[in-house]
Amino acid sequence: MRLEDTGLTKQDIKDKVDKYMIETYERFDFLAESAKDQYIYDENGEPYLDFYAGIAVNSAGNCNEKVVQAVVDQAKTIMHTFNYPYTIPQALLAEKICTTIGMDKIFYQNSGTEANEAMIKMARKYGIEKYGSNRYHIVTAKNGFHGRTFGAMSATGQPGNGCQVGFGPMTYGFSYAPYNDLEAFKNACTENTIAIMIEPVQGEGGVHPATMEFMKGLREFCDEKGMLLLIDEVQTGWCRTGKVMSFMHYGIKPDIVSMAKALGGGMPIGAICATSEVAAAFTPGSHGTTFGGHPVSCAAALAEIDELLSRDLAGNAEKVGAYFMEKLKSLPHVKEVRGQGLLVGVEFDDTISGVDVKHGCLDRRLLITAIGSHTIRMIPPLIITEEDCDKAVAIIKESVEALE
């Protein structure tokens with residue numbers, strides 16, 4: 001829908017949002033009217049270089065033609081049904097995902113936080129049924145982020161701040177340990193611990209990749225103690241980090257892995273994949289969803305995965321991401337550049353506000369985000385080029401210099 005077709009002004013749209021919507025977001029003074037590839041366009045047709053990709057969603061590009069066509073074709077055939085009959089997109093997508101990432105079974109959800117809820121529920125049910133009623137404890141990482149529903153929010157290691165503030169007691173059964181500290185994780189586990197749940201790269205926590213020692217050590221420790229390793233790939237999954245899944249960098253395999261964001265190419269979909277043994281914990285009635293495995297979302301996901309794999313966008317993420325991070329090191333006031341593939345963070349010294357840099361970039365038509373006080377994060381479409389990175393670095397540099 002375009003503004004000119006509504007008979008309204010941009011201010012009219014803003015006024016309607018202010019009047020009717022419950023706002024929990026910081027709105028940019030920017031009307032996103034259309035998008036294509038690595039650009040979003042405002043109502044005047046002005047291009048914004050998109051280094052946010054709908055929060056790591058539009059990995060094969062904004063409005064990828066094959067994904068759009070898949071949505072149109074499926075919507076004409078069947079848009080929605082309940083999960084009792086078989087549907088073709090569900091079945092084909094299930095096979096594609098499981099065979100591509102080497103997992104046995106899949107359960108569809110609608111979002112990342114729902115996928116993590118399902119992962120937590122499956123792990124706890126598996127533990128209680130196999131070992132007894134007390135085996136449900138899960139250890140997660142401090143400064144991690146797993147979502148905003150109650151189980152996922154409780155798993156998020158930010159007690160007393162962030163998304164947990166103001167909601168009362170969290171769901172019981174979680175403990176937190178410092179990220180990349182293997183001994184601390186071991187010490188946080190008890191005889192009642194059934195799983196360790198981890199992001200391979202902490203995104204909301206400031207773009208901190210896991211070390212090889214940490215990830216391999218967690219896998220070995222879980223095997224030794226009869227525990228499950230749960231990997232949250234909601235943001236890192238599907239070629240973002242230079243591999244199809246980030247856990248592949250470490251030569252390990254999770255017992256359950258969650259995914260969402262890039263999976264649907266712009267359509268809402270999430271999922272968990274698990275080993276056959278662990279997946280057996282979900283029996284009829286133990287979990288369910290009305291919209292999970294939606295035919296249109298599954299059709300979009302099939303097209304998105306085909307684009308990601310056939311165009312080797314993981315390889316592009318690895319190559320262009322390395323180039324981008326090296327260029328970012330030349331920026332003034334940079335304390336550290338961190339990342340994996342095209343999930344990239346820049347931490348500035350204490351004189352530079354990440355939020356101010358973000359707004360300076362917006363004024364210069366580059367879309368990025370900020371984390372904490374002094375860090376910016378970039379998660380662009382995986383189709384970007386080195387030339388796009390050069391443009392982004394130049395804009396960030398101007399924004400930083402304007403703050404000096």
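Predicted model: local features only at pLDDT ≥ 70, side-chain atom pairs only at ≥ 80, totals over all residues.
**Cavity.** The lining of the largest cavity is made up of His80, Thr81, Asn83, Thr87, Gln90, Thr290, Phe291, Gly292, Gly293, His294 and Pro295, and the space inside amounts to about 40 Å³.

**Second largest pocket.** I then turned to the second largest pocket, for which I noted a volume of about 840 Å³ and a lining of 27 residues. Which of the lining residues lie nearest its centre? I listed Asn83, Gln90, Ile106, Phe107 and Tyr108. Two of these names, Asn83 and Gln90, I had already written down for the lining of the largest cavity. When I sorted the pocket lining by element, α5, β4 (105–109) and β12 (270–274) each gave at least two residues, and β4 held the largest share, with four.

**Helix α5.** I recorded Pro89, Gln90, Leu93, Ala94, Ile97, Cys98 and Ile101 as buried in α5. Looking down the axis of α5, I found these buried residues within an arc of 140 degrees, so they line one face of the helix. What do the buried residues of α5 pack against? I traced their packing to α4, β4, β11, β12 and α11. After α5 comes glycine 102, with a positive phi near 75 degrees.

**Helix α4.** I went on to α4, one of the packing partners of α5. Helix α4 runs over residues 65–77, and its 13 residues reach 19 Å from the first C-alpha to the last, close to the 18 Å expected. Val67, Ala70 and Gln74 are buried in α4. Seen down the axis of α4, the buried residues fall within an arc of 60 degrees, so here too they line one face of the helix. Glu65 and Lys76 are exposed on the other side of α4, whereas the cover over its buried residues includes α5 (88–101) and α11 (295–310). At the start of α4, I found a side-chain oxygen of asparagine 64 within 3.0 Å of the backbone nitrogen of lysine 66.

**Proline 85.** In the loop between α4 and α5 I stopped at proline 85, which is partly exposed, with a relative accessible area of 34%. I also compared its position with that of asparagine 58, 27 residues apart along the chain, and found 30 Å between the two C-alpha atoms.

**Helix α6.** For α6, residues 112–131, I noted 20 residues and a reach of 28 Å from first to last C-alpha, close to the 28 Å expected. Its buried residues include Gly112, Thr113, Ala115, Asn116, Glu117, Tyr126 and Gly127. Following α6 is glycine 132, and its phi is positive, near 130 degrees.

Alanine 53 has a phi near 55 degrees; it is found in helix α3, residues 53–56, and is buried, with a relative accessible area of 0%. Lysine 261 has a positive phi of about 40 degrees; it lies in the loop between β11 and β12 and is partly exposed, with a relative accessible area of 23%.

Technical notes. Residues numbered from 1 in each chain as written. Heavy atoms only, no water. Expected span 1.5 Å × (residues − 1). Buried < 20%, exposed > 50% of the residue type's maximum accessible area, 1.4 Å probe, protein only. Arc of directions from axis to C-beta. Contact = heavy atoms within 4.5 Å. Polar contact = N/O pair within 3.5 Å; in protein donor to acceptor, adjacent residues only side chain to side chain. 1 Å grid on protein atoms, 1.4 Å probe; cavity = no way out; pocket = protein on both sides within 12 Å on 5 of 7 lines; lining within 4 Å. Points joined across faces, edges and corners; volume = space filled by probe spheres on them.
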